[in-house]
Amino acid sequence: ISTGGDGGDGGDGSDGSDGSDGSDGSDGSDGGSGGSARLWVDLADAEDEALSEYIGQYESETGDTINKEAPGGELDEQLETAIPAGDGPDSWIWAHDWVGRFAVREDPPFLYDASDDIDVSLDDYTETAQEAAQFDGGLYGLPFASETVALFYNEDLVDEPPETMAEMVSIMDEHHDPENGQYGLSYPATDPYFASGFIQAYGGDLFDESNLEVGVDSDACKQGIDALQTLFEYIPSDPGYESQIVAFADGLAPFAINGPWELGNLQGEIDNLGVTTLPTVEGNNPRTYSGIQLFYFSSMLADADASTVDAATGLAEWYTTNEDIVLTNADEQGYIPVLADAVDNDDLSAEVQAFARQVDHGVPIPSHPDMDSVWTPVTEALERVFNGEQDGDAALDQAASEIREAL
Amino acid sequence: MASSQIGTGGGLSRLRSALPFSNRDWGLLLVAPGVLLFSSFMLYPIFYLFYISLTDATFAGSVIGGGAELIGLANYVQLIGDSQFWTSMTTTWLFVAVSLVIKVLLAVGIALLLNHVRVAGKRYMRAAVIVPLGFPGIFTITVWRGMFSDARFGVFNTILGRYNDVMSSLSAPELLLFDVPIGFLSGRWEAFFAYVTTEVWLAYPFMVIIIVSALQDVPRSLHEAAMVDGAGALERFRTVTLPAIKGPVLFASILTAATSFQQFLIPWVFNQGGPSRQNELIIVYGYREAITFNQFGLSAAILIVGIAFVGLFMYVAVRYGGLAEGVGDE
Amino acid sequence: MARVTLDTLRKEFDRGTIVAVDDLDLEIEDGEFVTVVGPSGCGKTTTLRMVAGLEEPTSGAVRFDDEDVTEVHAKERPVAMVFQNYALYPHKTVMENMAFGLKMSTDMTEDERRERVTEMAEMMGIEDLLDDKPDELSGGQKQRVALGRAIAREPEVFLFDEPLSNLDAKLRTEMRAEIQKLQKEFGVTAMYVTHDQEEAMTMGDRLAILNDGKLQQVGKPTEVYENPVNEFVAGFIGSPSMNFVDVTVETDGSSATIRNDDVGLAFELSDEYVAGHALENAPYTLGIRPENIRIVEEPTGDETLASTVEVVEPIGSDNYVHLAVNDDFLARSPPDVKPEAGDEVGVVFEEESIHLFDAETGEDVFLTDEEIAAAVA
Amino acid sequence: MARVTLDTLRKEFDRGTIVAVDDLDLEIEDGEFVTVVGPSGCGKTTTLRMVAGLEEPTSGAVRFDDEDVTEVHAKERPVAMVFQNYALYPHKTVMENMAFGLKMSTDMTEDERRERVTEMAEMMGIEDLLDDKPDELSGGQKQRVALGRAIAREPEVFLFDEPLSNLDAKLRTEMRAEIQKLQKEFGVTAMYVTHDQEEAMTMGDRLAILNDGKLQQVGKPTEVYENPVNEFVAGFIGSPSMNFVDVTVETDGSSATIRNDDVGLAFELSDEYVAGHALENAPYTLGIRPENIRIVEEPTGDETLASTVEVVEPIGSDNYVHLAVNDDFLARSPPDVKPEAGDEVGVVFEEESIHLFDAETGEDVFLTDEEIAAAVA
Amino acid sequence: MSALAALLALVRAKLVALATAPKRFVVMVQRAVYDVRTGNRTAWDVTKSVLMTLFGLAMVLVLLFPLFWITTASLAEGTRLFNTGGIFPDPSTYNLDAYRWVIFESDFFFVDGDWGYPQLVLGGGSGLVSFRWVGTDTGPGALFNSLYIVSVTLAAGFGMIVPAAYAFSRRQFIGRKRILYGYVLFTQIGAGLSIATLVALYSLFSTYGLTNNLFILGLFYAASAIPFNTWLLKTYMDNIPVSYEEAAMVDGASFLDTIREVILPLTKPGLAVVLIFVWLAGWNEFIIAQTLLRPENYPLSVELYNIATQGRFSTPWTQFAAFANLFALPVAIVYFAAQRSVEDGLSFGGMEG
Ligand SMILES: Nc1ncnc2c1ncn2[C@@H]1O[C@H](COP(=O)(O)OP(=O)(O)OP(=O)(O)O)[C@@H](O)[C@H]1O
Ligand SMILES: Nc1ncnc2c1ncn2[C@@H]1O[C@H](COP(=O)(O)OP(=O)(O)OP(=O)(O)O)[C@@H](O)[C@H]1O
Ligand SMILES: [Mg+2]
Ligand SMILES: [Mg+2]
């Protein structure tokens, strides 16, 4: 997982706490040589290996040094302590949903507004991606991929991918027979991220970022949750991720709703795997939350040498705008491009295109810090509904009031 | 120990005051490094935590970075008014109590069985039975989480399903059947049951060793005396075995109860104290306030209260449970 | 109360490699007090445990009166046992300790039990201790509680396994008297294992001597003392123990001389003695008790034997005079007979007080087989 | 070897509330063997521990020869101690146990130590046990190892704290002889604490009696036996112990009668006795040893006293006759004097064998203060 | 070193005992048959023993079921936790891939499983003697970090616990009771505390620049183990008769000699227990380790946790289980070797009579 560092003999103290191995790099805009930056990642093995290779490529092209580390565990918790202590990374990779939360931090700040250091034009990225990287006018990262959930189907069980909910339900009905270990769908349905598509299908927003309004109990959302409840019937009774995915992976369910990160695994397990957008409910496309993967710029950069800043931003610019990388990643990792030029590229695989289409239907996860207060109540509401303790409307009402109380 | 009848008991305190040159306090020198190390790594953080609980810190960084301001006892006041706090407290104590009772019963049973003359190979079984002690909690708890899956193909649900099959093939009454799949993690009490089961499993090895030790110390002649007195097996258990293991069991109970009180991983890994925060044990509650809700000051207050409870619990236990017998035997 | 019969009782351990008790036959009359002595490891404890039901005999039977209890579980036997280390229940008060047997084996109500125990305790002088726990008691007190516990149940058979061995001399004497008194008072049949000479001699109606799992002799203590059936018993009973000298007998049928040239012994036996006993020309072991030896401080040469004094141990009431006859030859003299170490003294003893044992088998040569058989019955 | 002097040695515990040893003065000559006796808790162990350096005296001094060792740490004192329970290191073999002292206090190489220990072990007859651990040994063997360990170091002072109390009678006798032999052989100064009468009387060159932390009397065992300075010593030394009767003396200066009407005692003292001793009209305690009492089975009325026999305990070599004179009045008679319980018998004793003690202080009334002082020097 | 040799000898003896166990079992059965035939034991008597033994075995199996289950999972194909076909995966798919992965690909032994060999380097570097791994570009893995931490914890822990326990048991000094009381109160404020005070700890460590320092972390674990273990050992020492020490003193042994030659050997069972507990304190903890350390210094516990949380939503179960099994192995071995001592060493608070 980790490279670099001498390890082993331990006890040799930390590498100083300014977070960078300051070196006297030049100011070259395209990553002058000699800068070094620390990058924290939390990636699956295959992703990590690919990234390592690109970083190697970048280092040899520019002479910068990138120390990529995988601190493991929960990355945000690691950041929470490391950055205030002055021990954080210069950059890290994560979906954009932390932007708001970290951007509002002041004492001490967590993010670095790189508006002045970035040489690429933001217009190179899709519009959603541009928005995702910014908060309150600050540019806190560069996007390189997006992800959302879409519909996987097992072609051996499904002749024609469903386009509407009704079609899907009828296929599921055919297969769903839990007594005999057959299910209609594999779907971690109580996770709001996964569930968001259907809840927001009728145009409701769990959280309206532009107006900072909680929409959980809006009529549209309540309509959406009814649709979601239909699906609840067809999934294994443990909404936990592991339990859900295995039903599809073992060929026990015709459908799974899941994200591109499972593409690799599932392709190994299901002989004929198909991916398509989520079925429409009453003609509405489910508006799934999508996450935009960013290179975040950490507040460590504020006090760092210019060369470090260059190294960190340089890598991000190079990686996010290199069409080759973006396309290869799309192919190999299922990364959905956010580089405008790549999005329309016909070479993209069918699966990625399906995800990309789903992203188009979807909305970025609100990155506003208030969103932190939304997740838990909504999760709990979904659990209550799933467990049959409450009906959808009541659950959403309760969640909304909890959220408002917390804000 | 070979021959512990040699002048212990009173002999100890006698020795303490009697050994030549013992009244010099150099014993303190031997103790000091430990106290120092312990204080700096354990006591200091507690004080620090207490300080945080008096501030309006919102996230961890605001403490380290110095962005928090003292607000007095406001966090504690807020806490008292927070219904979640009371839910959490009640659940935690309930968890401690229920798991303790089961733990004790189970451990006594195991220890008795694995110390019984009629059981062949009991040494190996004893070695095997405490293996859970060696595995890291994060691993075993994750495994238990998996086994408690709500899904029909979850391990326990599968087992119950098989049981149902067997029972219904015996045409047993409906009453004896389980309504599979059971939502172990999605029902409040089901989840609570799952926590307790796991906690019991984690803690029984320690108890078993302690009880086995105690059982091995019971002089045979006491059993024989009871036999001659006309006591049957059950009575002998009550009059000889039980009193002999009472002390150690109490001791182990107090220790494991205090650990149970601080159980974090089980609820966290299972369902983060759910469903709907109903099973948030106190540490989980504190942790969530800090991490999920960015209420660091409040979280610190919760944890301080938690620590205070453990301290109080230990104090009471030590005071009235005779644990301190070795402490102040003068 | 009960007559206890041990019928060819045998106990083997470790698959027969250790024979702890070897076909023991012993009958203890109702209300009788039998002390059992023998060297360490001779099987005393094992025998007692078989009577109590704590150990299952390999073969043979234990009978109480005429009922065979061999297969009866310990808890069903009307037996009380006082263990060497008392085995008091440490967590129970004295009262509870003493009441436990009653609770287990009778239908008494709590009040009845309490009353009985209090009565018992008063009898034993421990009524003030009833609320104490065993740790708070001294050795003698513990002993009394253990006794009280055993007695309270009114058992038919009382078993004692070296109950006084942990006490100091003074207390031992006291407790001895107490035990005897109680046993007589209750008329309980008792077996008492000890390795203390004085206890063995004074406490029992009869004394049983075991060696190597085998019963050597049973009989009244003085009988055993005076007429030991073999060298082992002779040497084991009595303190200080009997002196032994290897001798040869020279006899022509009408007169006889006991002789050991190494020590200069030549002891002419009287005609009556020779007539009354059948002696052969053969090696024997001569036994003579220390108190039957008289020291003549100024020897005239007429004494039985001349010897040198090795050590004189004055014990106040007597002097032990160690003589150079052989290793460990001891005479007990009155305090006023006080030779110095190194003195040449004369040694005198009487014909009546000597014992002669077969040099090989160790048996007293004058006992008939019947007498020997009777000795263990 | 060394002369050991205890100089007003005092030890208080618990801030002076317990005075375990009360200004003890005692001098033990080089090579002398002193036994120390006294009731439980009288301070014997504490004294020994102060000599060993395991306990710091509250005041007073311990001197070896003329060197004050009071402040010297135990490990520096040339002392070996045999503990009551042996205190053999359970994790070390016999060899290691015995070699440990040598390893700690000498510069010997391992081979030298091994040699010395082997030699020692041969002397004690335990050379076969050298590789065993203490658990595997019997009591007597442990005892021997403990002795061997103590001797191996060739100490100048040997301390024994009831070393034989855990052994059975037979072994005890054997070990007693062994200890004495070794002590003499090495010429070591020895202090030997015991509560066994026989050990006390036979082992020591001198006997010291402690009570309540205070030295009562020191002297040759027979001297102490014959001339106890007070009632305590009189009662403590001797087994069975001296009989005491409360009496009053009626004297007119030239004749005197010892009288106790309750028991019908009226003992006319001879004129010489009255002349030689200063008696007053006062209450006294009369002491008389059991062996000095003669029982007349068919009393003529001329005896000193008439009494009823309570119990007769035959111990083989003698009979103990318990008389109804008072609680615990005992006579020792030869085996042929054997009255039955309940018999009326006559009791006779001689003037020479009686002791008279002050009824209050318990001191022998005929000793001068100087004699009393001498008794503890 | 000799301690290590002794430990190895002990382990070997245990293994021999284990290896011969079946033989002894057969002998036992033969004897039982013989005894029944010769009438020494009744058949019912033997049956009772057999039933009890079976009951014991069944209980052991039930109790160890989770571990058994997950071990089969570690042998199965794929990475999913569940097996929809039944409780246990299909045995025909069993393989050792996961273990191979742990050894040759994970950071368990060497970073990225890149085994090399050690080479002694004299001079240079930070110390006089150091060693370097040759044949690997990555270096030693998490196991070495773990071992390093545990060594520090054990060394510091024993260095502080043993003398303190001795002093508490045998000496009188100012504050003895108070400190001991404090220790008892704090025995159980450990696991929960570390989560509670995580941030406080982090700020403490980073203030003094002590983050990412295995040595300090080892010390920290030692500190957390001090109260409980000191108390435990003190209780154990209380039961060692004082006369052994006095005998040694009279034998001329100095204080240190007495400790070395008498106290420590007699305290062995107590020490064994403390060894296990202190070891576990340093071996299993991961929350603080992860916060304070940087990836190159992660011990096994953190690596294990990282495997558990590696996938965004799911865990590679076979690897996780294999890793955990190997991780728990040393503890299991130590316990297995010291079982008797542990059982002896924990006996306190028992019978007084
Ligand atoms: N459970 C047992 N297993 C094996 N051998 C035993 C057992 N119990 C007793 N023995 C052996 O049987 C023999 C008799 O033992 P027992 O305890 O009856 O002797 P004892 O006469 O009571 O001796 P002591 O005077 O030492 O108490 C001894 O050799 C002893 O080792
Ligand atoms: N360390 C101590 N603290 C308090 N009191 C003590 C201590 N050591 C001894 N004592 C008391 O001092 C007195 C003398 O004790 P010591 O052990 O010397 O008696 P002893 O003559 O050896 O008795 P025993 O024959 O029972 O061994 C006793 O009253 C005892 O309780
Ligand atoms: Mg015995
Ligand atoms: Mg003593």
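These legends go with close-up views of a predicted model.

**View 1. Ligand 2 sits between chains.** Residues from chains B and D surround ligand 2, so this site is a shared one. Of the 13 residues around it, the closest are Ser40(D), Gly41(D), Lys44(D), Thr45(D) and Thr46(D). By type, the shell splits into 4 nonpolar, 5 polar and 4 charged residues.

View 2. On its own ligand 2 would expose 630 Å², and the protein buries 77% of that. Strand E2 (18-28) and helix H1 (44-52) of chain D each give two or more residues to the shell, with H1(D) giving the most, 3 residues.

**View 3. An edge-to-face pair in chain A.** Phe194(A) and Trp261(A) have ring centres 6.2 Å apart and planes at 90 degrees, so they count as edge-to-face. Phe194(A) belongs to helix H6 and Trp261(A) to the loop between strand E11 and helix H9, so the pair ties together parts 67 residues apart in sequence. Both residues are buried.

**View 4. A tilted pair in chain B.** Tyr44(B) and Tyr48(B) are 6.1 Å centre to centre, with 40 degrees between the planes. They're 4 residues apart in helix H2, about one helical turn. Tyr44(B) is partly exposed at 36% relative accessibility, whereas Tyr48(B), at 16%, is buried.

**View 5. Arginines over rings.** Arg188(B) lies over the face of Trp189(B), 4.5 Å from the ring centre. Trp189(B) also belongs to an aromatic cluster that includes Phe95(B), Trp144(B) and Phe270(B). In chain D, the charged end of Arg149(D) sits over the ring of Tyr89(D), 4.8 Å from its centre.

Methods: Residues numbered from 1 in each chain as written. Chains lettered and ligands numbered in written order. Predicted model: local features only at pLDDT ≥ 70, side-chain atom pairs only at ≥ 80, totals over all residues. Heavy atoms only, no water. Near = heavy atom within 4 Å. Areas by Shrake-Rupley, 256 points an atom, 1.4 Å probe, with all protein chains shown as cover. Nonpolar A, V, L, I, M, F, W, Y, C, P; charged D, E, K, R; others polar. Phe/Tyr/Trp six-rings, centres within 6.5 Å; stacked < 30°, edge-to-face > 60°. Buried < 20%, exposed > 50% of the residue type's maximum accessible area, 1.4 Å probe, protein only. Lys NZ or Arg CZ within 6 Å of the ring centre and 35° of its normal.
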